[in-house]
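This report describes selected local features of one protein model. The sequence and the structure are shown first.

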Amino acid sequence: MAKARMTREDALAFHMNPTPGKWEVNATVPMATQRDLSLAYSPGVAIPCEEIAANPGLAYDYTNKGNLVAVISNGTAVLGLGNLGALGSKPVMEGKSVLFKRFADVNSIDIELDTEDPDAFIQAVRLMGPTFGGINLEDIKAPECFIIEQTLKEQLDIPVFHDDQHGTAVICAAGLINALHLSNKRIEDVRIVLNGAGAAGIACLELLKSMGARHDNCIMCDTKGVIWQGRTEGMNQWKSAHAAATDARTLQDAMKGADVFLGVSAKGAVTAEMVASMADNPVIFAMANPDPEITPEEAHAVRVDAIVATGRSDYPNQVNNVLGFPYLFRGALDIHARAINDEMKIACAEALAALAREDVPDEVAVAYGRKLTFGRDYIIPTPFDPRLIHRIPPAVARAGMETGAARRPIVDMEAYEAQLRARMDPTASILRGIHARARAAQATMIFAEGDDPRVLRAAVSYQRGGYGRALVVGREGDVKAKLEAEGLADAVRELRVVNAANTQHLETYKDFLYERLQRKGMDQQDVHRLASRDRHVFAALMLAHGHGDGMVTGATRKSAHALELINHVFDAGPHDGAVGVSVVMHRGRIVLVADTLVHEWPDEEDLADIAERGAIVARHLGLTPRVAFLSFSTFGYPVSERATKMHAAAGVLDGRGVDFEYEGEMTVDVALNPRARENYPFSRLTGPANVLVVPARHSASISVKLMQEMAGATVIGPILTGIDKPIQICSTVSTASDILNMAVMAACEVN
């Protein structure tokens with residue numbers, strides 16, 4: 001499978017479009033009427049203000065404090081980039097805020113403080129403390145980070161957590177628990193060498209010691225060598241606490257006979273000779289980023305018995321902080337914790353370690369393109385494991401309650417776990433699965449409209465994203481000029497541009513097309529013009545002859561017109577089995593609306609066909625299909641001739657004996673709202689419908705576009721299904737990202 005490639009232009013475009021930055025603020029209450037405004041602000045807001053003033057703990061009930069974390073930095077130690085200053089760190093802090101929301105549904109705001117004075121930093125955060133339920137410190141250089149964190153912990157009554165220290169430590173500890181389990185060693189007995197005496201390194205060693213590692217068995221090294229008792233050069237109070245009574249003076253000395261190496265230092269710090277000198281079944285966590293102290297290949301070349309982890313996603317066993325901080329804060333916030341203590345961090349590490357030893361869900365295996373099984377190459381869960389949200393926070397919350405950190409203990413832990421499951425947006429996992437299947441397929445995708453810059457951007461992204469090969473239909477000079485205008489001049493060499501003039505198959509294409517169209521009013525001259533001059537027809541002919549695996553079009557032509565042209569080459573008409581299904585995603589809900597493309601006024605047999613095709617698409621997306629035939633009438637009332645066919649369509653499916661739930665006719669609220677459905681206990685639907693079959697194409701199109709424009713729903717499609725080859729038709733208002741999504745959908749259909 002090809003690896004994704006990211007360019008500087010890709011990163012800048014991602015942060016600029018569709019709007020600058022990575023997050024926005026949305027209201028959670030209605031703000032439409034004068035009464036709404038009176039309740040939200042003056043005079044209604046005075047009442048909760050009085051309640052909170054009398055009892056500060058009620059801030060967790062009447063404000064967003066209980067689910068709000070600040071990500072705060074001064075930018076003095078940004079990633080591997082060093083001191084970029086407060087403003088230079090903002091993209092990273094925005095990204096951290098997005099991760100909080102994506103992985104644990106924690107609201108987060110980034111704050112960049114323009115000061116390198118620890119006292120000024122502390123004062124600013126302390127004054128903001130009442131706003132938040134927790135503080136996540138980020139990218140602050142040592143030793144100031146130690147001073148800032150410790151002081152704020154003492155001054156604030158909410159969790160203060162420096163993720164560069166403790167996030168790395170927690171994930172490192174989780175991996176080490178399992179590595180030692182596989183090595184049949186105990187943490188109390190192993191000799192540990194740590195290289196990198198900064199914030200993360202010191203936190204790692206401190207946490208491991210609190211878990212049972214013995215001080216006498218641990219050696220810490222920095223750029224000047226071993227930190228030994230009596231050393232004075234380059235020392236501070238935090239290093240001194242870990243000074244060892246040892247004769248070793250260099251990292252090479254310390255590594256001899258060591259069971260565990262932990263690296264948070266620099267590329268190449270560890271040599272093959274050092275690894276060879278370690279004890280049997282050595283554990284090597286080379287966590288330097290972006291390049292580890294030693295690569296897994298280099299380590300395994302001299303020690304096949306080594307268990308190796310890195311900080312990189314392209315190697316097994318990634319020590320990734322996103323496995324920790326979202327879930328630590330989720331659990332801490334949900335008990336209104338005063339702090340995140342060592343016991344809570346250890347509970348997080350142990351829960352992560354236990355999860356890695358369990359069977360891995362199929363959806364995770366699909367996302368990573370391989371089966372994951374506990375062992376030397378899988379000792380830490382993957383960031384996209386859907387179980388993390390309901391397994392890690394409860395463990396953290398329990399530890400917080402047992403140690404007295406909780407203001408409001410959780411009484412019903414089973415109900416809490418169920419609530420956590422419901423928090424997560426299913427659209428993320430569905431989209432991730434689609435992209436993973438596309439990467440596994442490695443399809444050659446034909447982009448029919450190579451004269452459009454959006455299409456060219458999508459084609460470049462498709463190829464650089466590791467999905468497969470992109471073929472662009474267009475003129476070479478025109479494609480080159482447009483790529484250069486888009487700042488993608490280097491992509492000219494990557495894409496293959498095809499057209500009627502540079503293919504050797506044109507005569508074959510024309511013969512095929514003439515055979516199909518000669519009895520439909522087309523002569524050979526008509527066929528020549530279609531095959532040689534129309535990009536949509538030419539692309540479809542390429543696909544029909546196996547010169548590509550899938551096709552994307554429609555960005556420059558109305559969908560109906562594009563479908564009409566494709567129908568010259570493929571059977572894509574209303575009675576040929578073709579159906580258009582639009583996927584509508586909004587605030588964690590997913591519904592499929594059909595038919596939005598092909599059937600203008602379907603009869604009951606057509607509607608039954610549409611329902612079956614919609615169910616297939618739903619299953620393809622990982623959903624259990626529940627089909628509703630929609631009308632303005634519900635189960636016969638009000639009586640309407642136009643509702644009759646929707647009722648009859650359900651009867652057609654009765655006769656076909658399909659293997660999915662369906663019901664109708666019904667209004668959309670009955671289909672989607674469980675309360676509305678309570679009035680109809682005989683309904684065959686066991687939950688909200690997720691495939692909505694509508695009476696006509698115009699009503700389907702209106703519904704989807706209304707959701708998109710008024711509610712801000714994300715729409716993928718219409719997904720064209722029921723054709724012999726994977727073809728997807730975009731809309732004329734599609735962005736480059738939309739076109740890429742359609743290409744990915746087409747790639748998923750390639751066998």
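Where does phenylalanine 635 lie? In this predicted model, phenylalanine 635 lies in the loop between strand E17 (626-630) and helix H28 (641-656).

## Positive phi values

Phenylalanine 635 is not a glycine, yet its phi is positive, at about 50 degrees. With a relative accessibility of 23%, phenylalanine 635 counts as partly exposed. Most residues other than glycine have a negative phi, and most peptide bonds are trans.

Asparagine 184 also has a positive phi, near 60 degrees. Asparagine 184 is placed in the loop between H9 and strand E5 (192-195), and at 72% relative accessibility it counts as exposed. A further positive phi, near 55 degrees, belongs to aspartate 105, the residue that follows H6.

## Cis peptide bonds

Asparagine 289 and proline 290 are joined by a cis peptide bond with omega of about 5 degrees. Proline 290 is found in the loop between strand E9 (283-286) and helix H14 (296-302).

A cis bond also runs from glycine 664 to glutamate 665, with omega near 5 degrees. Glutamate 665 has its place in strand E18 (residues 661-666).

H6 contains 15 residues and spans 21 Å from its first C-alpha to its last, close to the 21 Å expected at 1.5 Å a residue. Its buried residues include Glu94, Lys96, Phe100 and Phe103.

Helix H6 (residues 90-104) packs against helix H15 (residues 325-334) at an angle of about 65 degrees, and the axes are 9 Å apart. H6 is therefore roughly perpendicular to H15. The crossing of the two helices, H6 and H15, is right-handed. On the H6 side, Lys96, Leu99, Phe100, Phe103 and Ala104 take part; they meet Phe325, Pro326, Tyr327, Phe329 and Arg330 of H15. The residues of this contact comprise eight nonpolar, no polar and two charged.

Leucine 180 is found in helix H9 (residues 163-183) and is buried, with a relative accessible area of 4%. Apart from neighbours within four places in sequence, leucine 180 is in contact with Lys185, Arg186, Ile187, Val190, Val260 and Val283. Leucine 180 and isoleucine 307 are 127 residues apart in sequence, and their C-alpha atoms are 9.4 Å apart in space.

Histidine 568 is found in the loop between helix H26 (559-566) and strand E15 (579-586). Histidine 568 is buried, with a relative accessible area of 15%. Apart from neighbours within four places in sequence, histidine 568 is in contact with Leu513, Arg516, Leu517, Met522, Leu530 and Val537.

Technical notes:
Residues are numbered from 1 along each chain as its sequence is written. This is a predicted model: local features need pLDDT of at least 70, side-chain atom pairs count only at pLDDT 80 or more; totals for chains, interfaces and linings use all residues. Side-chain values use heavy atoms; hydrogens and water are left out. Axes are lines fitted to C-alpha atoms, for helices over the stretch in contact, and angles run from 0 to 180 degrees between N-to-C directions. Helices (H or I, at least four residues) and strands (E, at least two) are DSSP runs, numbered from the N terminus. Angles under 35 degrees count as roughly parallel, over 145 as roughly antiparallel, 65 to 115 as roughly perpendicular and the rest as oblique. A crossing is left-handed if the near helix is turned anticlockwise from the far one by less than a right angle, and right-handed if clockwise. Contact means heavy atoms within 4.5 Å. Ala, Val, Leu, Ile, Met, Phe, Trp, Tyr, Cys and Pro count as nonpolar, Asp, Glu, Lys and Arg as charged, and the others, Gly among them, as polar. Buried means under 20% relative accessible area, exposed over 50%, partly exposed in between (1.4 Å probe, protein chains only). The expected span of a helix is 1.5 Å times one less than its number of residues.
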